[in-house]
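Visitor: I would like to learn how to read a residue's surroundings and then a ligand site. Could you take me through an example?

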Amino acid sequence: MGKKTALVTGITGQDGSYLAELLLSKGYKVYGMVRRSSTEKFERIEHIRDQVEIRQADLLDQLSIIDLIEEAQPDEVYNLGAQSFVPTSWVQPVLTAEFTGIGVTKVLEAIRLVNKKIKFYQASSSEMFGRVIETPQTETTPFYPRSPYGVAKVYGHYITVNYRESYDMYACSGILFNHESPRRGMEFVTRKVTDAAARIKLGLSKELRLGNLDAKRDWGFAGDYVEAMWHMLQQKEPDDFVIATGRTHTVQRLVEVAFERVGLNWKEYVQIDKKFLRPAEVDLLVGDCSKAKNQLGWEPKVSFEELIQMMVDEDLKRLS
Ligand code: NAP
Ligand code: G4F
């Protein structure tokens, strides 16, 4: 078989960069879709930029996606592009719905029009479980989203299922629990904490202001999670999978691990700031990834403690 081709939306994001690396290592030709910006934001893919075909298109613009899929003729499309920060989804609920929800239909419609045989991956989210109905959460746990972002992801999830069932397309959703890395955006809580711990250690900052320390998340390593995305598109039949570690920790525990890594007592530096509380919170997430283990042979490799220590160490290196 010849070289496979993949198209990745959201290639400039955390997951897009790890997935592009993985696909290149497997010998794929990789197209990356980026939206037009007055300044380029390619930091995460700078090291592989000459190996990927970057093209401009936008999840808000149907024709641009059709044109790109026609040009790339991909075997696989990974739809990672989204407005992915939960608090922003209350500030820009309509835009979030358009990028994160309707954008999925635009990509599916483009595939249906150009070539129904193209395999499709949708970046679904544990945020869809929201106010959880059962614990741990599995592929059959009912959704109860708690943010406009979560609602948009539920739409994206079900439209993916619907295209699979309506048009016999190979369309899969990965229901991924929180996954982080040294490339995580600065506003997400893990990176905000590891960056602050490093800054305080180096004397560049004096305090860290946070919201809800009691929220619990199932945090894994993004590098592990993109492998699961790829596995989902290599199966005989399309299906949906929960991708998680099965362990959950509070935000406070995250803070403890990060500050322990730099030898500081977090209580001396962390302040609670109401501005970081959300209109509706997701209190607890913990996933059961047995189906992915059994059917995909996928398992997380990096533990929570290793992940946070890796992020602190990288932030220290960058800031030193
Ligand atoms: P991220 O770092 O925020 O990256 C999002 C990407 O989407 C960026 O490349 C961004 O481009 C692009 N994008 C945004 N709006 C777009 C538009 N209108 N047209 C084209 N591209 C657009 O997110 P991530 O953490 O890598 O997550 C990847 C996907 O997985 C997202 O769909 C996210 O919602 C989902 N997800 C993430 C997690 C997690 O814990 N990380 C868990 C479950 C699901 P710019 O660089 O131009 O902003
Ligand atoms: O890091 P977060 O902003 O991630 P959140 O909201 O769980 O969403 C992430 O994971 C989802 C998967 O479940 C993805 F779909 C989504 O795209 C994104 O990647 O917040 C985690 C927790 C929340 O409970 C929040 O209230 O941390 C709590 N938190 C406490 N203080 C804070 C802060 N979160 C942020 N961002 N900033 C704070 O100062």
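Visitor: Leaving aside its neighbours within four places in sequence, which residues is Ser17 in contact with?

Guide: Keep in mind that this is a predicted model. A contact list is read by setting aside the residues close in sequence, and here it leaves Ile11, Arg44, Ile45, Ile48 and Arg183 in contact with Ser17. Ser17 itself belongs to helix 1, which covers residues 14–25.

Visitor: Is Ser17 buried or exposed, and which side chain makes a polar contact with its side chain?

Guide: Buried stands for a relative accessible area under 20%, and Ser17, at 0%, is therefore buried. Its side chain makes a polar contact of 2.9 Å with the side chain of Arg183.

Visitor: Turning to the ligand, which residues come nearest to ligand 2?

Guide: One begins with the shell and then looks at individual atom pairs. Of the 23 residues around ligand 2, the nearest are Ser125, Ser126, Tyr149, Arg278 and Glu281; by class, the shell comprises 10 nonpolar, 6 polar and 7 charged residues. An N or O atom in the side chain of Arg278 lies 2.6 Å from an oxygen atom of ligand 2, and for the side chain of Glu281 the distance from such an atom to an oxygen atom of the ligand is 2.6 Å. The protein covers 95% of the 710 Å² of accessible area that ligand 2 has on its own.

Technical notes
Residues are numbered from 1 along each chain as its sequence is written. Chains are lettered from A and ligands numbered from 1 in the order in which they are written. This is a predicted model: local features need pLDDT of at least 70, side-chain atom pairs count only at pLDDT 80 or more; totals for chains, interfaces and linings use all residues. Side-chain values use heavy atoms; hydrogens and water are left out. A residue is near a molecule or strand if one of its heavy atoms lies within 4 Å of it. A polar contact is a pair of N or O atoms within 3.5 Å; within protein, one must be able to donate a hydrogen and the other to accept it, and residues adjacent in sequence count only if both atoms are side-chain atoms. Accessible areas come from the Shrake-Rupley method with a 1.4 Å probe; for residues, only the protein chains shown count as cover. Ala, Val, Leu, Ile, Met, Phe, Trp, Tyr, Cys and Pro count as nonpolar, Asp, Glu, Lys and Arg as charged, and the others, Gly among them, as polar. Helices (H or I, at least four residues) and strands (E, at least two) are DSSP runs, numbered from the N terminus. Buried means under 20% relative accessible area, exposed over 50%, partly exposed in between (1.4 Å probe, protein chains only). Contact means heavy atoms within 4.5 Å.
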